[in-house]
Amino acid sequence: MTQLGFNTHFWYFGNHQSLGRNALYRKLVDKTSGIVAIDVETKSLDDTTPIGIGFATSPTDAYYFRHDSVMLPRALKLLSNPNIIKVIHNAHFDLDVIKDFWGEDTNPIVDTIIAAQLLGLPPALGTLAKELFDLDITPIRDLVGKGKAAITMDKVPEEKTAQKCCHDVKASLM
């Protein structure tokens with residue numbers, strides 16, 4: 001699996017990079033039904049200003065848009081499509097950011113943290129991914145640090161933020 005970063009602040013992580021930017025973008029935005037996982041990256045848990053949003057259409061295909069990407073508005077329309085089920089880990093956080101910043105109503109949804117708790121599984125996405133699929137997800141503290149030396153996510157290089165977000169949304173679909 002490889003990644004493609006484009007100067008439009010649009011990233012793709014998956015197996016179809018040979019399609020090129022425009023075809024990959026259309027593959028996402030032309031989706032009219034099915035399931036899409038979503039994850040919003042914010043500056044921090046306290047400062048919920050979004051820095052980007054990720055979408056996964058399968059456990060192998062994920063897209064990331066920086067919050068100001070010229071390509072993002074059309075992708076955001078997926079959020080309000082009632083024929084697309086949105087899968088979100090810890091949905092209340094992401095839904096609040098999506099509504100407050102982009103004004104999108106997002107329905108229907110499946111919250112994987114609630115599903116995990118109902119099944120008696122650990123709620124943390126990283127723990128779920130490791131226990132169920134032997135998949136390692138980069139902990140946020142590996143990117144921002146901890147304690148007084150911690151930085152906010154907007155200070156993390158865009159490529160690393162995109163990669164983390166895309167791994168998280170793909171794990172949400174597994």
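Student: Between which helices is the loop in which aspartate 134 lies?

Tutor: Aspartate 134 lies in the loop between helix 5 (125–133) and helix 6 (140–144). Please bear in mind throughout that this is a predicted model.

Student: What is the phi of aspartate 134?

Tutor: The phi of aspartate 134 is near 55°, a positive value in a residue other than glycine. Another such case is asparagine 90, which is not a glycine and yet has a positive phi of about 65°. Asparagine 90 is located in the loop between strand 6 and helix 3.

Student: Are these two residues buried or exposed?

Tutor: Buried means under 20% relative accessible area, and exposed means over 50%. Aspartate 134 is exposed because its relative accessibility is 57%. Asparagine 90, with a relative accessible area of 27%, is partly exposed.

Student: How should I read a salt bridge, and with which residue does aspartate 134 form one?

Tutor: Side chains of opposite charge can pair when their charged atoms come close. The cut-off applied here is a side-chain nitrogen of Lys or Arg within 4 Å of a carboxyl oxygen of Asp or Glu. Aspartate 134 forms a salt bridge with lysine 130, and their closest N and O atoms are 3.0 Å apart. Lysine 130 also forms a salt bridge with aspartate 136, at 3.3 Å between the closest N and O atoms. Lysine 130 is partly exposed, at 37% relative accessible area, whereas aspartate 136 is exposed, at 57%.

Student: How many salt bridges are there by this rule, and which residues are linked in a network?

Tutor: The count comes to 9 salt bridges. Arg66, Asp68 and Glu158 are linked in a network of them.

Student: Which residues does leucine 72 touch, sequence neighbours aside?

Tutor: Not counting residues up to four places away in sequence, leucine 72 touches Ile53, Phe55, Phe65, Arg66, His67 and Trp102.

Student: Which residues form a nonpolar patch on the surface?

Tutor: Ile35, Ile85 and Val110 form such a patch, with about 210 Å² of accessible area together. Isoleucine 35 belongs to strand 3 (residues 34–42) and is partly exposed, with a relative accessible area of 39%.

Student: Where is there a cis peptide bond?

Tutor: The bond joining asparagine 107 and proline 108 is cis, with omega about -10°. Proline 108 is found in the loop between helix 3 and strand 7 (109–111).

Student: How far does helix 7 reach from its first C-alpha to its last?

Tutor: Helix 7 (residues 158–173) has 16 residues and reaches 23 Å, close to the 22 Å expected at 1.5 Å a residue. Its buried residues include Ala162, Cys165, Cys166, Val169 and Leu173, and also Lys164, Asp168 and Lys170.

How values were computed. Residues numbered from 1 in each chain as written. Predicted model: local features only at pLDDT ≥ 70, side-chain atom pairs only at ≥ 80, totals over all residues. Heavy atoms only, no water. Patch = residues over 30% accessible without salt bridge, like charges linked within 9 Å, V, L, I, M, F, W, Y side chains within 5 Å. Areas by Shrake-Rupley, 256 points an atom, 1.4 Å probe, with all protein chains shown as cover. Helix = DSSP H or I, 4+ residues; strand = E, 2+ residues; numbered from the N terminus. Buried < 20%, exposed > 50% of the residue type's maximum accessible area, 1.4 Å probe, protein only. Contact = heavy atoms within 4.5 Å. Expected span 1.5 Å × (residues − 1).
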